[in-house]
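Subject: Structure handover

Hello,

Here is the structure for you to open alongside this note. My findings follow below it.

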Amino acid sequence: MEDSNEFRAEFHAHPFFEFERYSFEDVINEAGKKNLDFLALGRLNRDIYPELQKHAEEIIKTGGYISSIEDKIIRITNKRTLCDVYIPRMVESRREIDIITIGKSSGFEDCKTVEHIINKTLEEDEGNIIILDHPFVEKDKTFKNIDKNTEKYIENLCKKYAGDVFLELNGYCVPWMRKLGGLIFAGKPAEDCNKKAIELSERLKQEGYNVPVVSDTDGHFRYKWSLGGLDKAAMTFDRDKVFENASIPDYTNLIGNMKKQIMEGNYKMKPLNEIYVGALHQFCNFALPAMFPKTFKLPRA
Ligand SMILES: [Zn+2]
């Protein structure tokens with residue numbers, strides 16, 4: 001039974017509408033079925049928010065939905081179920097490492113570094129959410145551990161931006177698949193990158209730096225059936241706190257309110273072993289296209 005005072009959020013999901021295997025409406029309905037209130041949809045190095053705004057305009061024409069399409073958040077209400085889904089601006093950017101920004105998804109073309117992206121994101125709004133996603137995964141080689149220099153770089157970045165960045169626990173980084181993939185592709189098993197993120201967060205906390213971990217799916221939804229994994233790693237917040245002084249109609253401060261709750265430790269995640277998508281899901285939607293980039297269209301996000 002759903003606790004009506006829960007607000008469930010997924011911060012990192014990649015839709016592939018261009019394959020035309022499912023529609024925007026399918027995603028909204030699946031989110032509704034899963035009691036997902038907040039769903040950050042984005043792509044790697046590409047701002048898809050304008051496309052999402054167009055999709056939202058299209059589905060309100062069907063008559064089944066009400067939508068407010070604002071600059072930072074699209075709110076869609078299913079008229080039949082009265083479920084609301086909030087879809088924020090989000091983009092995943094690749095520089096020295098990968099980084100997710102929620103609340104800002106454009107204007108990074110001239111940003112050569114992660115720090116530049118962070119500064120720009122915070123300058124625009126201190127409430128924007130910033131996540132260092134799968135920080136312990138080599139950005140171009142999924143099954144390779146990062147080197148010591150990159151580890152140091154991440155630690156320094158966390159110290160500099162403590163209170164403003166989170167470390168990601170990633171629902172696609174299935175530990176046994178990383179071990180096996182590492183053995184096959186890099187000659188040694190890849191480490192459990194999520195455990196490493198937890199360890200870093202805890203160590204930083206002891207040193208006086210607040211850099212919490214957050215869980216998300218990083219779902220690459222290439223097929224309609226794979227949308228079933230949409231909320232696998234969703235986090236849970238207290239609904240009242242998320243909507244505190246909600247700025248209506250744009251709801252922009254929902255993002256800042258969640259950020260504050262995370263910084264204060266007021267959120268729930270599933271136990272780590274429960275955030276992972278199934279092996280078949282991961283294999284078909286991510287590993288296989290990544291292994292055969294010439295065979296699969298858009299092999300990465
Ligand atoms: Zn991603």
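Asn45 sits in the loop between β2 and α2 (49-61). Helices (H or I, at least four residues) and strands (E, at least two) are DSSP runs, numbered from the N terminus. This is a predicted model: local features need pLDDT of at least 70, side-chain atom pairs count only at pLDDT 80 or more, and totals for chains, interfaces and linings use all residues. Residue numbers start from 1 along each chain as its sequence is written.

Phi of Asn45 is near 55 degrees, a positive value in a residue other than glycine. Asn45 counts as partly exposed because it has 15 C-beta neighbours inside 10 Å. The cut-offs are these: a residue is buried if 20 or more other C-beta atoms lie within 10 Å of its own, exposed if 12 or fewer, and partly exposed in between, with C-beta atoms placed from the backbone.

Leu298 also has a positive phi, near 45 degrees, and is not a glycine. Look for Leu298 in the segment after α9. Leu298 has 15 other C-beta atoms within 10 Å, so it is partly exposed.

Pro249 is in the loop between α7 (239-242) and α8. The peptide bond joining Ile248 and Pro249 is cis, with omega about 10 degrees. Why flag these spots? Because most residues other than glycine have a negative phi, and most peptide bonds are trans.

Strand β1 (residues 6-15) and β2 run parallel, joined by three bridges. Two strands pair if DSSP finds at least two bridges between them. Ala9 has Phe38 of β2 as its bridge partner. From β1 the chain passes through helix α1 (residues 24-33) to β2, and this β-α-β crossover is right-handed. Right-handed applies if, with the strands pointing away from the viewer, the path from the first strand over the helix to the second runs clockwise.

Strand β2 covers residues 38-41. Phe38 and Ala40 point one way, Leu39 and Leu41 the other way, and all are buried. In a regular strand the side chains alternate between the two faces of the sheet.

Leu39 and Ile87 have the most contacts inside the largest nonpolar core, which has 72 residues. A nonpolar core is a set of buried Ala, Val, Leu, Ile, Met, Phe, Trp, Tyr and Cys residues joined through C-beta atoms within 7 Å. Leaving aside neighbours within four places in sequence, Leu39 is in contact with Glu10, Ala13, Ala31, Val85 and Ile87. Two residues are in contact if their C-beta atoms, placed from the backbone, lie within 7 Å.

Helix α4 (residues 148-160) has 13 residues. It reaches 18 Å from its first C-alpha to its last, close to the 18 Å expected at 1.5 Å a residue. The expected span is 1.5 Å times one less than the number of residues. Ile154, Leu157 and Cys158 are the buried residues of α4. Seen down the axis of α4, they fall within an arc of 100 degrees, so they line one face of the helix. The arc is that of the directions from the helix axis to the C-beta atoms. Lys148, Asn149, Lys152, Asn156 and Lys160 are exposed on the other side of α4. The buried residues of α4 pack against α3 (114-124), β8 (129-132) and α6 (193-206).

Helix α6 has 14 residues and reaches 20 Å from first C-alpha to last, close to the 20 Å expected. Its buried residues are Cys193, Asn194, Ala197 and Leu200. Down the axis of α6 these fall within an arc of 120 degrees, so they line one face of the helix. The face turned away from the buried side of α6 carries exposed Glu202 and Gln206. The buried residues of α6 pack against α4, β9 (166-170), α5 (175-186) and β10 (213-216). Just after α6, Gly208 takes a positive phi of about 95 degrees.

**Two loop residues**

Cys111 is in the loop between β7 (98-102) and α3. Cys111 is partly exposed because it has 17 C-beta neighbours inside 10 Å. Beyond four places in sequence, Cys111 is in contact with His116, Ile117 and Lys120.

Glu274 lies in the loop between α8 (253-263) and α9 (279-291). Glu274 has 11 other C-beta atoms within 10 Å, so it is exposed.

Best wishes
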